[in-house]
Each structure stands twice: as structure tokens, then as C-alpha cells.
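Subject: Structure for you to look at

Hello,

Here is the structure I promised. Please open it first, then read my notes below.

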Amino acid sequence: MKSQHAMEELRTSLTAHRGPLMRRCALAAAAGLTLAVGHAAIVPHGLKRFALAYLVAVVFVLSLSLGALFFVFIQHLSRAGWSVLIRRLAEAAAANMLVVALLFVPVAGSVAIGSTIIYPWAVWHVPDAHTHDGADHSASTTIAEDGHDTHSAHGEPAGHAEDAPAYHHQHLDGLTLHKRPWLNPGLFLVRVVIYFTLWTALGWWYWRQSRRQDDSGDAAHTVRCETWAGPTALVYALSFALASADLLMSLNPHWYSAVLCVYVFAGAVIGALAMLIVLVLALQRAGLLTMAIGIEHLHDLAKLLFAFVFFWGYIAYSQYMLLWYAHLPETVTWLVHRGASTATPNAWSILLLVLLVGHFVLPFAGLMSRHPKRRRFWLMFWAVWLLVTHWLDLVWLVMPELGAQLVLGGVEVGLLFCVIAVYAAGLFHRLADGPLVPVGDPRLNESLAFENI
């Protein structure tokens, strides 16, 4: 058992720190938004770049909450005891889904008004020119040396004017219209409401069960969480897969991949585990939970982080290999647009190499040994590193829709800081609502006494 001091600090919270933390988040959000708006005003395609960069930032914080929700229900599903002391942080991040839903409103709003600034299919009424009988539902695509599509679905050259779509799939052509029963604004908005309602309800439910157990100490709350962990996993898997297709895959309505949802899931769990490590170390640096949460708990978090880094690399290679081997125009062009071609590389090839090395090779080697998993400096270093590369991964998925030029600057960084600051404000507000650990959990003593073998 830990010392009496460790037992006493279990009920500490962020209540006393709420005010200063909220003020810092507000300043960071304002500074980030100012930087993003200022830069967007002076760069080409500023409005579209702002919209796509905002989608990247919102999906980034969404992935953190979804990864945290996965961590919560998988601990209950496996009846794990070691993670009890850390689970409250993940519960707060999962319950923060309501803030993410509010942040997503501008994206949903662009679809609701029929704007194609993010999703090229998001029009309420299809022009008559595209609705004639016998419309061609196939897309014959040729790739130019710069990675741009050179022919439309009707065999016409793609536009090169500054305000013209950069790629063939951004035209409302026959192939896109063929998918309109699924890709239409009305049904998209309905699905988005369902996704966020389910995720918010699940995150809030696990949070409330844990908080009520703090007061009552009733083990029935834990039993209830374990009982519903299995159905939660099924709902989570289905909603995550469909949302990945709607929010990311549909940016290119010609493209499809059965592996994308697993790829995004692996990145989301990496982001959530890295966030938990950063939160624990930051709290301990502030003098909180220094005795309760030890290096043994951080070691296990680092082992999970290492495992998902490897899993992400495996899935990334699998998606690339399967799409490239199939060599279908609608799928291989997606890779070409993102620089994944030795025949027609573009500026995004640089970021692709950065992801290969920075998101897989270096953290895989850096976290392989036992020693960095038990050193707080290296844990913080690799956690922050992987949060940054996780964001770059989402940039690589989304921003090439702007064109073949690599775009990474004040717009993207400013919006990232703005959205993270709003998300952090919601997270800190939630953590200030009660103890930083589930003090009523029946496995609390097991977690306090946990040691790695």
C-alpha cells in the first residue's frame, strides 16, 4: 500500500486552479484565432484553406475524446485494476465530447447551407446539366506530372483558374452523383447528429457512473460499467467507422478504402494515450497526484502507446499496399495527390516522409526499450512528439484537397491552438468538478499497489 499522504491526495481536484486555467485557455484561443484569420486573409484560397484547417483541428480534438472513450470502456471490458488511478482523466476527456460537438457546428453549418468549401458533394439541389438520363457514373482519370487530374468525367480538361477545383473529384460529376443517396447534405447532417449524440451520451454516462461512485462507494456502478462495456464497444466501432467515412473519406467522393477507419482509429488511440501521459506529468509537475500515480502506471501507458505506434505503422502500410496494388483510378489518385508516388511526387511527399519517420520509425525505436518508458523526461518528449505527428497525419489526410502545394503555416497552427484551447477549457472545467481519481472504485487499492513485473 502507498503512504497515508498518497491516500490523502486522492481527493485533490483542479477547483483551485480553474480560474487561471480558464484565463490562459481564453488567451490562447484568441491568439490562435487571430493568427489564423490574419494569415488566411493574405494567402491564396484563404477561405477554403481556413475551412479545411479548421476541420483538421476539430477532428484532432475529436480523435482525442474518441481515443479516451475507447480507453475507458476497454478498461471496464477487461476489468483492469492498474488503470483506475488514470481512468478519471480519460473519463473527463470522453465526457468533453459536448465541447467537440459545439466545435463541429461550423463544419456542419457549411454543409447545411449547401457550401462545397469543405465537401464537394454538399449541394442541396443538383444542377440540371448533371441530372440528364444516361449520366456517366464512371470516372476515367489521367494523372499529370504535377499530380493533378487532367480530365473530367466527361472528357473535358480540368480548369486551371485560381478559383477552379484543384482536382477532378471536386466537380459534381457522374461518379459523385452515383453516391448521392449516401452523400447528400440532409442525410449527412442526420448522421452527424446521431454520431455526436451517441458519443456524448456514452462519455457522459461513464463519467456520471464514476462520479456517483465517488460519493456512494457502491461497487454496483463498476459492475454496471463492465456489463455495458461490450455493447458500448459495438456501438463505438460502427459509429467510428461510419464517421471516418463521412468526415474524412468523403472529402474525395471518388475515393474509398475499407482500411481508413482502422487507420484513423489507431491514430486516435495514439493521441489519447499521449494526451493522458502529458496530463499526468503536467499534474505531477503542478504538485498533484505525485504519490498516488507512480512510474509503474506511466510505464503501462507507455507500453500501450508503443503497441499502437506499431499498429498504426502496420495499418498505414496495409492501406498503401492494398490501394496501390489494386491500381484503380478512383483510389490510386488519392495516393498520388498526397505525394505517395515515386513517378509523380509532389510537395506532399515531404510530409509523407516526415510521417514515415516521425510517426513510426523514431517513436518505435525510442519507446522499444524499457528504460525510456520509466523516465519522465522521455515519456513527455515522446508523448508531445506523437501528438504533433498525429496532427500532421490529419493534415496529410485533409489539406491536399487544397492542391499539390504543401500548405502548413499560420492558418493551420493558429486554428490548432485555438481549438485545443477551447477543448482544454472544457476538459479542465470537467476535472475541477471532483476528485482527479475514482476514489470510490473497488479496485482502487489494486491500482495503488500496482507494480510492473
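Val398 lies in helix H13, which runs over residues 376–398. Helices here are DSSP runs of H or I with at least four residues, numbered from the N terminus. Val398 counts as buried because its relative accessibility is 1%. Buried means under 20% relative accessible area, exposed means over 50%, and partly exposed lies in between (1.4 Å probe, protein chains only). Val398 and Leu52 are 346 residues apart in sequence. In space, their C-alpha atoms are 6.8 Å apart.

Two notes on the source. This is a predicted model, where local features need pLDDT of at least 70, side-chain atom pairs count only at pLDDT 80 or more, and totals for chains, interfaces and linings use all residues. Residues are numbered from 1 along each chain as its sequence is written, and side-chain values use heavy atoms, with hydrogens and water left out.

Next, the open space. A pocket is an open set of points on a 1 Å grid over the protein atoms alone, with protein on both sides within 12 Å along at least five of seven lines; a cavity is a set of points where a 1.4 Å probe fits but cannot get out; lining residues have an atom within 4 Å of a point. Points are joined across faces, edges and corners, and a volume is the space filled by probe spheres set on them.

The largest pocket holds about 920 Å³ of space. It has 29 lining residues, and the closest to its centre are Val278, Leu279, Ile420, Ala424 and Phe428. H2, H3, H9, H13 and H14 each give two or more residues to this lining. H14 gives the most, with nine residues.

How many cavities of 30 Å³ or more does the structure hold? There are five.

Now the surface. Trp182, Leu187, Val190, Ile194, Leu198, Val235, Leu238 and Leu242 form a nonpolar patch there. H7 supplies the largest share, four residues. Leu187 sits in H7. Leu187 counts as partly exposed because its relative accessibility is 33%. Patch residues have over 30% relative accessible area and no salt bridge, and nonpolar side chains (Val, Leu, Ile, Met, Phe, Trp, Tyr) are joined within 5 Å, like charges within 9 Å. A salt bridge is a Lys or Arg side-chain nitrogen within 4 Å of an Asp or Glu carboxyl oxygen.

Best wishes

Key:
Areas by Shrake-Rupley, 256 points an atom, 1.4 Å probe, with all protein chains shown as cover.
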